Amino acid sequence: MQKFYKVFLIVFIIIIAINIYAIDWHSEISSEDNMKYVISIICGVVGLFVLFIMNTWSKIGVKK
């Protein structure tokens, strides 16, 4: 994995971890206060998915 992808991997993991920590676990996940954190976590997971797709595509394009 290139440094460029590693930096974004760390950024997405930190974003997901901060938002999991910020969720109020005593109320419902779908409550209005928690929805901004849930949406941010979903965006971080989608970012991780796209990151791994881009990394795979970059490996396919490299000739040996």
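F4 has a relative accessibility of 48% and so counts as partly exposed. That value, like the others in this report, comes from a predicted model. F8, at 35% relative accessibility, is likewise partly exposed. Partly exposed covers the range between the buried limit of under 20% and the exposed limit of over 50%, so the 48% of F4 falls inside that range, and so does the 35% of F8.

F4 and F8 sit 4 residues apart in helix α1, and are therefore separated by about one helical turn. F8 and F12 are also 4 residues apart in helix α1, again about one turn of the helix.

## Ring geometry

A pair of aromatic rings is described by two quantities, the distance of the centres and the angle of the planes. How many aromatic pairs are there in the model? The count comes to 3. In one of them, the ring centres of F4 and F8 are 5.1 Å apart and the planes stand at 65 degrees, so this pair is edge-to-face. The angle of 65 degrees lies over the limit of 60 that defines that class.

The rings of F8 and F12 form a tilted pair, with 6.4 Å from centre to centre and 35 degrees between the planes. F4, F8 and F12 belong, together with Y5, to one aromatic cluster.

## Nonpolar surface patch

F4 and F8 also contribute to a nonpolar surface patch of about 870 Å². Two or more residues of the patch come from each of the helices α1 (3-22) and α2.

Is N34 buried or exposed? N34 has a relative accessible area of 1% and is therefore buried, since buried means under 20%. N34 is located in helix α2, which spans residues 32-61.

Leaving aside residues up to four places away in sequence, N34 touches I23, D24, S27, E28 and I29. With S27, one of these residues, N34 makes a side-chain to side-chain polar contact of 3.3 Å.

Terms used
Residues are numbered from 1 along each chain as its sequence is written. This is a predicted model: local features need pLDDT of at least 70, side-chain atom pairs count only at pLDDT 80 or more; totals for chains, interfaces and linings use all residues. Side-chain values use heavy atoms; hydrogens and water are left out. Buried means under 20% relative accessible area, exposed over 50%, partly exposed in between (1.4 Å probe, protein chains only). A polar contact is a pair of N or O atoms within 3.5 Å; within protein, one must be able to donate a hydrogen and the other to accept it, and residues adjacent in sequence count only if both atoms are side-chain atoms. Contact means heavy atoms within 4.5 Å. Patches are made of residues with over 30% relative accessible area and no salt bridge: like charges are joined within 9 Å, nonpolar side chains (Val, Leu, Ile, Met, Phe, Trp, Tyr) within 5 Å. Accessible areas come from the Shrake-Rupley method with a 1.4 Å probe; for residues, only the protein chains shown count as cover. A salt bridge is a side-chain nitrogen of Lys or Arg within 4 Å of a carboxyl oxygen of Asp or Glu. Rings of Phe, Tyr and Trp (its six-membered ring) pair if their centres lie within 6.5 Å; planes under 30 degrees apart count as stacked, over 60 as edge-to-face and the rest as tilted.
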